[in-house]
Amino acid sequence: MNGSMSRRQFLSLAAAILAGPNALDASTGRVVDAGPVSTYGPEGVYDRFRDQGFFVIRNGKRLLALSAFCTHRKCKLAAQPDRSFYCPCHGSTFDPNGKVTAGPAKRDLPLFPVVVNESGHLLVELPGR
Ligand code: FES
(Lines give C-alpha, C1' and ligand atoms only; values in the text may rest on other atoms or scores of the structure.)
Protein backbone atom coordinates (compact mmCIF):
# COMPACT_ATOMS: atom_id res chain seq x y z
CA MET A 1 0.00 0.00 0.00
CA ASN A 2 2.71 2.44 0.98
CA GLY A 3 4.52 1.75 -2.27
CA SER A 4 1.61 2.82 -4.43
CA MET A 5 0.96 5.90 -2.32
CA SER A 6 4.53 7.01 -2.51
CA ARG A 7 4.53 6.38 -6.26
CA ARG A 8 1.45 8.58 -6.62
CA GLN A 9 3.10 11.28 -4.58
CA PHE A 10 6.21 10.99 -6.70
CA LEU A 11 4.25 11.28 -9.92
CA SER A 12 2.58 14.42 -8.66
CA LEU A 13 5.97 15.83 -7.70
CA ALA A 14 7.29 14.94 -11.14
CA ALA A 15 4.26 16.63 -12.67
CA ALA A 16 5.04 19.69 -10.57
CA ILE A 17 8.58 19.71 -11.91
CA LEU A 18 7.31 19.39 -15.45
CA ALA A 19 4.98 22.29 -14.78
CA GLY A 20 7.88 24.60 -14.08
CA PRO A 21 10.79 25.24 -11.75
CA ASN A 22 8.70 27.25 -9.31
CA ALA A 23 6.09 24.53 -8.92
CA LEU A 24 8.29 22.35 -6.72
CA ASP A 25 9.18 23.23 -3.18
CA ALA A 26 12.85 22.33 -3.39
CA SER A 27 13.17 22.61 0.39
CA THR A 28 11.57 19.18 0.75
CA GLY A 29 14.76 17.68 -0.68
CA ARG A 30 12.92 14.56 -1.75
CA VAL A 31 13.56 14.77 -5.49
CA VAL A 32 17.10 15.04 -6.77
CA ASP A 33 17.93 16.14 -10.30
CA ALA A 34 20.69 13.69 -11.24
CA GLY A 35 21.47 15.53 -14.47
CA PRO A 36 21.11 14.65 -18.14
CA VAL A 37 20.50 10.98 -18.87
CA SER A 38 23.05 11.36 -21.68
CA THR A 39 25.77 11.43 -19.00
CA TYR A 40 24.86 7.86 -18.06
CA GLY A 41 25.63 6.27 -21.41
CA PRO A 42 28.04 3.43 -20.69
CA GLU A 43 26.92 0.42 -18.64
CA GLY A 44 27.92 0.52 -15.01
CA VAL A 45 27.56 2.15 -11.61
CA TYR A 46 27.81 5.92 -11.22
CA ASP A 47 28.69 7.06 -7.71
CA ARG A 48 28.62 10.84 -8.06
CA PHE A 49 25.45 11.01 -5.92
CA ARG A 50 26.68 8.56 -3.29
CA ASP A 51 26.86 11.29 -0.66
CA GLN A 52 23.23 12.14 -1.37
CA GLY A 53 22.29 8.53 -0.79
CA PHE A 54 22.08 6.73 -4.11
CA PHE A 55 23.95 5.16 -6.98
CA VAL A 56 22.75 5.52 -10.57
CA ILE A 57 23.06 2.29 -12.53
CA ARG A 58 22.95 1.93 -16.29
CA ASN A 59 21.75 -1.58 -17.05
CA GLY A 60 21.05 -1.92 -20.76
CA LYS A 61 18.27 0.52 -21.61
CA ARG A 62 17.33 0.91 -17.97
CA LEU A 63 18.51 3.56 -15.52
CA LEU A 64 18.09 2.64 -11.87
CA ALA A 65 18.69 4.46 -8.59
CA LEU A 66 19.86 2.17 -5.80
CA SER A 67 20.32 3.20 -2.18
CA ALA A 68 23.92 3.93 -1.23
CA PHE A 69 23.28 3.24 2.46
CA CYS A 70 23.87 -0.14 4.00
CA THR A 71 20.70 -1.70 5.40
CA HIS A 72 22.57 -2.77 8.54
CA ARG A 73 23.44 0.57 10.15
CA LYS A 74 23.34 3.00 7.26
CA CYS A 75 27.04 3.33 6.47
CA LYS A 76 27.80 4.54 2.97
CA LEU A 77 28.57 1.73 0.58
CA ALA A 78 31.50 1.55 -1.80
CA ALA A 79 30.85 0.52 -5.41
CA GLN A 80 33.21 -2.24 -6.49
CA PRO A 81 34.72 -2.77 -9.95
CA ASP A 82 32.48 -5.82 -10.49
CA ARG A 83 29.42 -3.57 -9.81
CA SER A 84 28.74 -5.10 -6.42
CA PHE A 85 28.69 -3.00 -3.25
CA TYR A 86 30.76 -3.28 -0.09
CA CYS A 87 30.11 -1.80 3.35
CA PRO A 88 33.32 -0.72 5.07
CA CYS A 89 31.72 -0.65 8.53
CA HIS A 90 31.01 -4.33 9.19
CA GLY A 91 31.69 -6.01 5.86
CA SER A 92 28.24 -6.57 4.37
CA THR A 93 28.19 -7.06 0.62
CA PHE A 94 25.44 -6.66 -1.98
CA ASP A 95 25.25 -7.88 -5.54
CA PRO A 96 24.76 -5.48 -8.51
CA ASN A 97 20.99 -5.68 -8.01
CA GLY A 98 21.26 -4.73 -4.34
CA LYS A 99 20.63 -8.21 -2.94
CA VAL A 100 22.53 -9.06 0.26
CA THR A 101 25.36 -11.51 -0.42
CA ALA A 102 27.00 -11.29 3.03
CA GLY A 103 25.81 -9.99 6.41
CA PRO A 104 25.40 -8.67 8.97
CA ALA A 105 22.95 -6.77 6.73
CA LYS A 106 19.77 -8.79 6.20
CA ARG A 107 17.71 -6.55 3.94
CA ASP A 108 18.38 -5.85 0.28
CA LEU A 109 19.10 -2.31 -0.87
CA PRO A 110 15.97 -0.44 -1.92
CA LEU A 111 15.54 0.96 -5.41
CA PHE A 112 14.25 4.54 -5.63
CA PRO A 113 11.71 5.67 -8.24
CA VAL A 114 13.13 7.57 -11.20
CA VAL A 115 11.61 9.55 -14.06
CA VAL A 116 13.09 11.49 -16.96
CA ASN A 117 11.71 15.00 -17.27
CA GLU A 118 11.09 16.90 -20.50
CA SER A 119 14.62 18.37 -20.37
CA GLY A 120 16.05 14.86 -20.46
CA HIS A 121 17.17 14.94 -16.82
CA LEU A 122 16.96 11.98 -14.50
CA LEU A 123 14.89 12.75 -11.39
CA VAL A 124 15.29 10.50 -8.38
CA GLU A 125 12.80 10.33 -5.53
CA LEU A 126 14.46 9.77 -2.18
CA PRO A 127 12.50 8.55 0.82
CA GLY A 128 11.46 11.06 3.47
CA ARG A 129 13.38 11.17 6.72
S1 FES B 1 26.59 -0.74 8.56
FE2 FES B 1 27.05 -1.95 6.84
S3 FES B 1 27.59 -3.86 7.64
FE4 FES B 1 27.09 -2.68 9.37
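Mentor: Strand β3 (residues 54-59) and strand β4 (residues 62-67) run antiparallel and are joined by 6 bridges. Within this pairing, N59 stands opposite R62 in β4. This is a predicted model, where local features need pLDDT of at least 70 and side-chain atom pairs pLDDT 80 or more, while totals for chains, interfaces and linings use all residues. Residues are numbered from 1 along each chain as its sequence is written, and side-chain values use heavy atoms, leaving out hydrogens and water.

Trainee: In what order do the 4 strands of the open sheet stand?

Mentor: Strands of a sheet pair through backbone hydrogen bonds, either parallel or antiparallel. Here the order is β2-β3-β4-β9, with antiparallel pairing. Because β2 (44-46) and β9 (111-112) each have a single partner strand, one side of each is left without a neighbour in the sheet. Strands are DSSP runs (E, at least two residues), numbered from the N terminus, and two of them pair if DSSP finds at least two bridges between them.

Trainee: Which cysteines form a disulfide?

Mentor: A disulfide is a covalent bond between the sulfur atoms of two cysteines; the cut-off used is sulfur atoms within 2.5 Å. In this model C75 and C89 form one, with their sulfur atoms 1.9 Å apart. C75 lies in the loop between β4 and β5 (78-79) and C89 in the loop between β6 (85-86) and β7 (93-94), so the pair ties together parts 14 residues apart in sequence.
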